[in-house]
Amino acid sequence: MQRQVVDALRHRLGIESAAANTRDWFNALALVVRDRLYDAYCQTYQRHCQQQRKRVYYLSMEFLIGQSLRFNLQNLGLYATAQAALAAEGQDLEALFDSEPDAALGNGGLGRLAACFMDSLATLDVAASGHGIKYEYGLFRQLIINDQQIEKPDEWHATASPWMVQHQTQSMLIPIYGRIEHGFDAQGNYNPMWLEWKVLLGIPNDYYVSGGEGKGVNRLRLYHAAASDSFDIAIFNQGDYLQAVGEKISSENISKILYPSDEILSGKELRLTQEYFLVACTVRDLLHDFFAEHDDIHQLSTWAAVHINDTHPALIVVELMRVLVDEYRIGWDEAWSLTCRTCSFTNHTLMAEALECWSLTLVERLLPRHLQLIYEINHRFLTAVSRGYPDEVARLLPRLSLIDESGEKRLRMVNLATLGSHRVNGVSAIHSALVRDLLLPQFSRLSPEKFVNQTNGISHRRWLHLANPHLAALFTELIGPDWLDDPRRLTALSAYCADDQVVDRIRRIKSDNKLALSNEVYRRYRLALDPLAMFDVHAKRFHEYKRQLLNVLHIIYQYQRIQEGAELATPKIYFFAGKAAPRYTLAKLILQLVNCVARRISQLPRVNGVIRVIFLEDYSVSLAERLIPACDLSEQISMAGTEASGTSNMKFAMNGALLIGTLDGANIEIREAVGAENFYLFGHDTLQIAQLKAQGYRPYEVLRQQPALQAAIDTLISGELCADRTRFRPLYEMLTATDYYMHLVDFEGYRQAQQQAQSDFSQHREWYRRTLQGMSQMGGFSSDYTIEGYCRDIWHCVSQR
């Protein structure tokens, strides 16, 4: 390996080893590892072909991969080899790890889940590929200036990634825009022609994903866009140099940035174009793979499974129909049956603003032929419903229709994905029930067999074995290495809960992780932290329903009590991390409030030694790998019925944090697994919240009964936290007027649960005994088991443990 790395520096990067910097050595080593990944991928692909495996195509607008070098070395069993090879050249492998930028191809839980799934698909030797977009810029790089979030471009791909292999020769032509010319074929059948379309060039880039112990390697295929004609020489010769390359610039914008703002029409158009671009490229790859092994298109669903990860790729239902009907001349009924048997859909949210709808005017402008097909799919579906339920037409059809006609006509992507799939799943038991009974009750009534649950999971290889190596090594010492292949074997750890020596070792490992995080905070902000304090972590994207505001109100309440002379059972440090969407005003205000409270506490000598608030800016996968192993108490406090699953709850619990939370998402299943005594439960459940809202919830009545809570809320407008007393008035008015996410009614239960947790933490040995018991029950939340469920219940394909 030493020879190969030096050779890569010289012949592939054009750099002599004596002149190479840390990033050069990283690129060289990554190229060597990529070569081995490619060899393993070829072997995996050939084996799948020989075994005639059904292939899974997993479509997602996000794949939050993070850093790759350490993970690939771990999975391929090359860590020690690489360390020795680099040491022989005077290089520190850890420094190379730190030099790798996070691949900014996602935002939060959706993208990180997709990355965990890719890991498990490879580990279980499933014939599968991921499909997404190779964004040039990620969501954004977050800076905190004057307590406020400032967004800067996230140029993760400023230099070419050594992990990506571009396949220019496999470029595909993607039609868009144009018009429909109505005509008829020789038999008199309607035969529309899509004419005068523009052409995008989709260029695939492969990122190879290694499974645990190198058992399999699959590919994540990421497309970037280019113009089919990048330069107009005639316009250039006329002197209009910018217009001459205008088509190239316009086309390349499609893969320029993750989630362009959809506040304006051009942003909406770009975002819908991205979604169509992804599905159109994927369909071409799918058919290329299919015809390389098979020759009968009528057998497509036997050999291919397409999975729609949230609504963003839902247009694949229509694109597949277009190809089958227009290009392969398959009759409508058979084409629709093939499409539905091939596609499946995971819903990830119940939030109204996240249920995508697109203006039909915009759809017609971009995809005129697809809109025709949407109308036809909708017409046939609603006609069938009308015949089957003639007495309920007025009630059923408006909810079932693919088109929302309540105002401007809009395409409902969740309805399209649901109708065009043979399976629809939620991502936790409660979420799946809400999808079936609340979001899509009419669809579930028509096709109850279509709706299933697959509770999310996480890659224990990344989030325990890699992120917390000393803890993983202790587990292997105690129960052997088989838990890496079958993490449910972690249950054997429960036998050691009564062993004080083991519990003390757990505590020392946690203390070391807290010290490492404290050192990172000092490096970043020159703030010294006490690693013996309780570390309370709230790490999520900022959103009202995730209730960072509830946490902040409690911190304000707590520091007010300390000023009055109250004492805490143990010192406590509150960590916040996460980004707010650039145009989400209230979320950005909550984030600013966190920083203002942190600054205020630092100014109060009596408080600052007891509690601290730290905001970790620019949260990423690599930062999470430092933060999660150091956490004592994890905040999972969304209002019941709003969080689909949550996977950060699983990561924290698997690393020895106890959870404080509500009966929401996967919290319910985690609490059942670790035991109610190891979960700090508070808050109203979904039924109670519905009842409160039906009765006419009045926040001011709650405040009248809780003067201390009123005092905490008053700081938002008193000038204590911000000289501009109007700055946080929108938050104050939201809380006192509507409080849609029930911060106030859940506050007292939250306060009591926090008080109990702090008291319990002061009993250190018992606390860590409980964390060991919790960790012993978390193996079942590995994404390996989730993928086995998908293979068994949804995709009907082979997985091999």
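Leaving aside neighbours within four places in sequence, which residues is Leu-29 in contact with?

1. Leu-29 is in contact with Met-1, Val-5, Leu-69, Ala-82, Leu-86, Leu-93 and Leu-96, once neighbours within four places in sequence are set aside. These contacts, like everything below, are read from a predicted model.

2. Leu-29 also belongs to the largest nonpolar core, which has 144 residues. Together with Leu-315 and Trp-795, Leu-29 touches the most other members of that core. The element that gives the most to this core is helix 10, residues 265–293, with 11 residues. As background, nonpolar side chains in soluble globular proteins tend to be buried together.

3. The domain assignment divides the protein chain into two parts. Domain 1 is made of the segments 52–66, 102–456 and 788–794, while domain 2 runs over 460–781. Taken over C-alpha atoms, the centres of domain 1 and domain 2 are 35 Å apart. On the domain 1 side 40 residues take part in the contact, and on the domain 2 side 42 residues do. About 3100 Å² is buried between domain 1 and domain 2, and carbon and sulfur atoms give 52% of that area.

4. The aromatic residues deserve a separate point. A search of the whole structure finds 21 aromatic pairs. One of them joins Phe-475 and Trp-483 in an edge-to-face arrangement, with 6.1 Å from centre to centre and 80° between the planes. Phe-475 counts as buried because its relative accessible area, 0%, is under 20%. Trp-483 is buried as well, at 1% relative accessibility.

5. Tyr-740 and Tyr-741 form another edge-to-face pair, with centres 4.9 Å apart and 85° between the planes. Tyr-741 has a relative accessible area of 9%, so this residue is buried by the cut-off of under 20%.

6. Ring pairs also link five residues into a cluster: Tyr-58, Phe-63, Phe-117, Tyr-790 and Trp-795.

7. Arg-462 lies over the face of Phe-71, at 4.5 Å from the ring centre. Lys-514 lies over the face of Phe-535, and here the distance to the ring centre is 4.7 Å.

Definitions and conventions: Residues are numbered from 1 along each chain as its sequence is written. This is a predicted model: local features need pLDDT of at least 70, side-chain atom pairs count only at pLDDT 80 or more; totals for chains, interfaces and linings use all residues. Side-chain values use heavy atoms; hydrogens and water are left out. Rings of Phe, Tyr and Trp (its six-membered ring) pair if their centres lie within 6.5 Å; planes under 30 degrees apart count as stacked, over 60 as edge-to-face and the rest as tilted. Buried means under 20% relative accessible area, exposed over 50%, partly exposed in between (1.4 Å probe, protein chains only). A charge sits over a ring if NZ of Lys or CZ of Arg is within 6 Å of the ring centre and within 35 degrees of the ring normal. A nonpolar core is a set of buried Ala, Val, Leu, Ile, Met, Phe, Trp, Tyr and Cys residues joined through side-chain atoms within 4.5 Å. Helices (H or I, at least four residues) and strands (E, at least two) are DSSP runs, numbered from the N terminus. Contact means heavy atoms within 4.5 Å. Domain bounds come from an automatic or database domain assignment. Buried area is the accessible area (1.4 Å probe) that two parts lose on being put together, summed over both.
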